[in-house]
Amino acid sequence: MKFPKNYEVRLSGSGGQGLILAGIILARAAVLDGHNVTQTQSYGPESRGGYSRADVIISDQDIYFPEAINFNCLLALTQEACDKYLFDLRDSGVLIIDTTYVKNLALAAENTYELPFTDITVNELGNPITTNIVSLSFLVKVTGIVSDEALETSIRESVRPAFVEINMKAMKLGFKLAKEYKI
Amino acid sequence: MSKTESKTKKTTKKAAVKPSAKAEVKAKAKAEETKTQPESKIAELQQDRERKTVIMQGNEAVSYGALDAGVDFFAGYPITPSTEIAEILAEELPKRGGVYIQMEDEIASICAITGASLTGAKALTATSGPGFSLMQEGIGFAKITETPCVVVNVQRLGPSTGMPTSPAQGDIMQSRWGSHGDSPAIVLYPDSVKECYELTIRAVNLSEKYRTCVVLLLDEVLGHMRESVTLPDMGNVRIIKRIKPTVPPHWYKHYDENQKYLSPLASYGEGYRFHVTGLTHDQHGFPTNKNNEAGDMMARLRKKISYNIRDLVQIESYMMDDADIAIFAAGIVARSAKAAIAMARYEGIKVGLLRPLTIWPFPDVAVRKMLLDVDTVIVPELNQGQMINEIRRLTKDKSESDVIALQKVNGELISPAEILQKIKEAI
């Protein structure tokens, strides 16, 4: 995929949901695909709870300002994050929300994908810990911003060896959800 | 201290015996270690999976820069947002025969790196605002004793503990004037992850060359930011080591006046006798109350910086050739400025950027030229007015120039749109 301009992604939710790791994985995958990338984050002093977000900007040109301002894609895993950032989504931007936590949508965006990612992850994999990978893989499949292979390599390199297997399962689950999703 | 000394000695010995086959038995275990461990961290990254472009964090780049510059001693007290530097060096330094010590606080940290440097180590510490305040006394000691060392300060917002995970540029003046007693400073300020690596190496080089404490200022966003980095070729990276004395020990002066202000530096344990004190001292390092010797010492501290401005000052001039409006910004704010310039140029407004990579000594010559060339200067910064006063100090040469402030201290970055708005107001 060629990027004429910056492609801005914001992954948002609360601390402990693994969003910064998801941001790093997405950024690393984009580097593997040969793009320029910046990845920044903002989070509170708590290690769990509180707000947390990771921004990834992918471009084929030099990236100056490193934070996402006007997102091409927004992933919101909590109601608070969704309310806070929804209005900075571009007109044709992709919105992905986790309906396990996001119950009200203030604005009906054109490309909205709604799935209870946390519930699905708990049901399929027995633990909510990989919700970040499931939703990131879903995002990658829907938007096509990085290749599937790059994402897989990136996950393998970014998580501890002991957790590669469960994260691979999570990635495949995310891809499957995207394939089966009907708007 | 003696531990550090013996370690540094060991490493030099190891390097010396490496080529000879005889000594291989003796140094077998150590040699094996070095075989599996490539000399440079960057070379190691390139060999690892054969990649030339990698994703790297600002703090990571500082750590790798330190390793590649030959830093073999780190003493520090980990603090957000600089913690990763301590984490990485704690893992990497022991592998390379270096020393990592976690100290009880930042006062001890700066003292430890100054002491280690006097035994011949290349020493570095990393901290953030609260720790940087505690280090000021020790930084002054390193400056008056002319001991090379590097302090990395990843700035956070606010006085005291402030906001540990929010960016600000509040330490620009502190890095210059934080330590009492009117001493000059060398302070470097990168704006990208790749520059973090390059300027860390430069900071270590300058500290060794000019025998002083060099400060590397980073923005919180840059310290934590990850970016795609094309790794440099280690063949192009130049490493400077301190000049060693060539005179017999009884001729040695620790502060030699006759060497164009860059005097050789002996280490403790090499047979040279010298005294180190924070009191004003003579050429051998012993305390003095003589006014001429005190004057000489203060002049030497000043001259070694002011006589070498051209070597010390680095600036980036971006789209300044035809600019009517100039933006003067350092660090992460310069990136907002570049984005704003792209937007303004698209609308046909001629804007450029002057960015200091060395903020102290201040790039007076370049700023004077900028003030002559443009009608308006916009100074965006993440504080309540620090660099702008330096610009105003220089506007006396040409008074018509408008200097416009853009300041933000709420923990957010200045966005390109905010700078663009100022540009439009200035037309």
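Analyst: In this predicted model, 17 residues of chain A are in contact with 18 residues of chain B. On the side of chain A that touches chain B, helix H1 (19–32) and strand E2 (36–43) each supply at least two residues. The largest share of that side comes from E2(A), with 7 residues. Sorted by class, the side of chain A that touches chain B has 10 nonpolar, 5 polar and 2 charged residues.

E2(A) also takes part in strand pairing across the two chains: 2 bridges join E2(A) to strand E8 of chain B, residues 226–230, and the two strands run antiparallel. Within this pairing, Gln39(A) stands opposite Arg226(B) in E8(B).

Next, chain B as a whole. Chain B has 16 helices and 14 strands. Of its 427 residues, 46% are buried. Among contacts in chain B between residues at least 6 apart in sequence, 76% join residues at least 24 apart.

Last, a helix pair in chain A. Helix H4 (residues 131–143) and helix H6 (residues 164–180) of chain A pack at an angle of about 45°, with their axes 7 Å apart. H4(A) is therefore oblique to H6(A). Their crossing is right-handed. Residues making the contact include Ile133(A), Leu136(A) and Phe138(A) of H4(A), and Ala170(A), Leu173(A) and Phe175(A) of H6(A). By class, the contact of H4(A) with H6(A) has 11 nonpolar, 4 polar and 2 charged residues.

How values were computed. Residues are numbered from 1 along each chain as its sequence is written. Chains are lettered from A and ligands numbered from 1 in the order in which they are written. This is a predicted model: local features need pLDDT of at least 70, side-chain atom pairs count only at pLDDT 80 or more; totals for chains, interfaces and linings use all residues. Two residues are in contact if their C-beta atoms, placed from the backbone, lie within 7 Å. Helices (H or I, at least four residues) and strands (E, at least two) are DSSP runs, numbered from the N terminus. Ala, Val, Leu, Ile, Met, Phe, Trp, Tyr, Cys and Pro count as nonpolar, Asp, Glu, Lys and Arg as charged, and the others, Gly among them, as polar. Two strands pair if DSSP finds at least two bridges between them. A residue is buried if 20 or more other C-beta atoms lie within 10 Å of its own, exposed if 12 or fewer, and partly exposed in between; C-beta atoms are placed from the backbone. Axes are lines fitted to C-alpha atoms, for helices over the stretch in contact, and angles run from 0 to 180 degrees between N-to-C directions. Angles under 35 degrees count as roughly parallel, over 145 as roughly antiparallel, 65 to 115 as roughly perpendicular and the rest as oblique. A crossing is left-handed if the near helix is turned anticlockwise from the far one by less than a right angle, and right-handed if clockwise.
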